[in-house]
Amino acid sequence: MKLMEEMQGNIRSCLLINPCLDLKGHFYQMKLNRLFYKQTVKEIGAAYGIANKNVEPFVETLADLSAYQSAVPVKIWHAASGVQFPFKVHSRKYEEIRYHLHAPIELSIHLPEKRLSLGNITDFYKLYEKEV
């Protein structure tokens with residue numbers, strides 16, 4: 001998200017598969033569930049190269065999803081079930097934000113038994129191809 005903001009003129013399109021778009025929201029949701037909280041802290045710490053004790057202060061500094069105003073075309077493929085990040089909390093929320101911005105977005109919710117095909121991915125990227 002941040003990269004699309006910073007390099008908007010250089011990025012033609014963005015494809016996301018089962019994304020975690022609201023890390024702050026996800027973190028606080030996991031904080032309510034002690035069973036998964038410690039693992040979440042470890043994963044965020046490892047991903048960002050920070051000590052576990054610094055994860056919560058770091059997460060607090062993250063921008064809200066609505067802060068991202070990029071107009072880069074986005075396509076999201078999100079499984080309806082069986083994924084760690086529910087589409088209603090992450091992808092659907094981002095879709096609503098982009099609609100209000102009049103920014104191009106396409107959200108595809110699919111059943112777990114339906115596989116994403118390479119043809120779908122290449123078709124999306126071809127829509128926004130241009131010579132550089």
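Which strands does α5 lie across, and at about what angle does α5 run to β3?

Modeller: This is a predicted model, in which local features need pLDDT of at least 70 and side-chain atom pairs count only at pLDDT 80 or more, while totals for chains, interfaces and linings use all residues. Residues are numbered from 1 along each chain as its sequence is written, and side-chain values use heavy atoms, with hydrogens and water left out.

α5 lies across β2 and β3, and its direction is at about 160 degrees to β3. Helices (H or I, at least four residues) and strands (E, at least two) are DSSP runs, numbered from the N terminus. Contact means heavy atoms within 4.5 Å. Axes are lines fitted to C-alpha atoms, for helices over the stretch in contact, and angles run from 0 to 180 degrees between N-to-C directions.

The loop that joins α5 (91-101) to β3 (105-110) holds His102. His102 has a positive phi of about 60 degrees, although it is not a glycine. Most residues other than glycine have a negative phi. His102 counts as exposed because its relative accessibility is 73%; exposed means over 50% relative accessible area, buried under 20%, and partly exposed in between (1.4 Å probe, protein chains only).

β2 and β3 belong to an open sheet of three strands, ordered β1-β2-β3 with parallel pairing. β1 and β3 are the edge strands, each pairing on one side only. On average, neighbouring strands of this sheet are turned by 10 degrees against each other, direction ignored. Two strands pair if DSSP finds at least two bridges between them; β1 and β2 (residues 74-79) have four, in the parallel sense. In one of these, Cys14 has Val74 in β2 as its bridge partner.

Asn18 sits in the loop between β1 (14-17) and α2. Asn18 also has a positive phi, of about 45 degrees, without being a glycine. Its relative accessibility is 25%, so Asn18 counts as partly exposed.

α2 then packs with α3 at an angle of about 145 degrees, their axes being 7 Å apart. Residues of α2 that take part include Leu23 and Phe27, and those of α3 include Tyr37 and Ile44. In α3, Tyr37, Thr40, Val41, Ile44 and Gly45 are buried. These buried residues fall within an arc of 130 degrees seen down the axis of α3 (taken from the directions from the helix axis to the C-beta atoms), so they line one face of the helix. They pack against α2 (23-31) and α4 (55-60).
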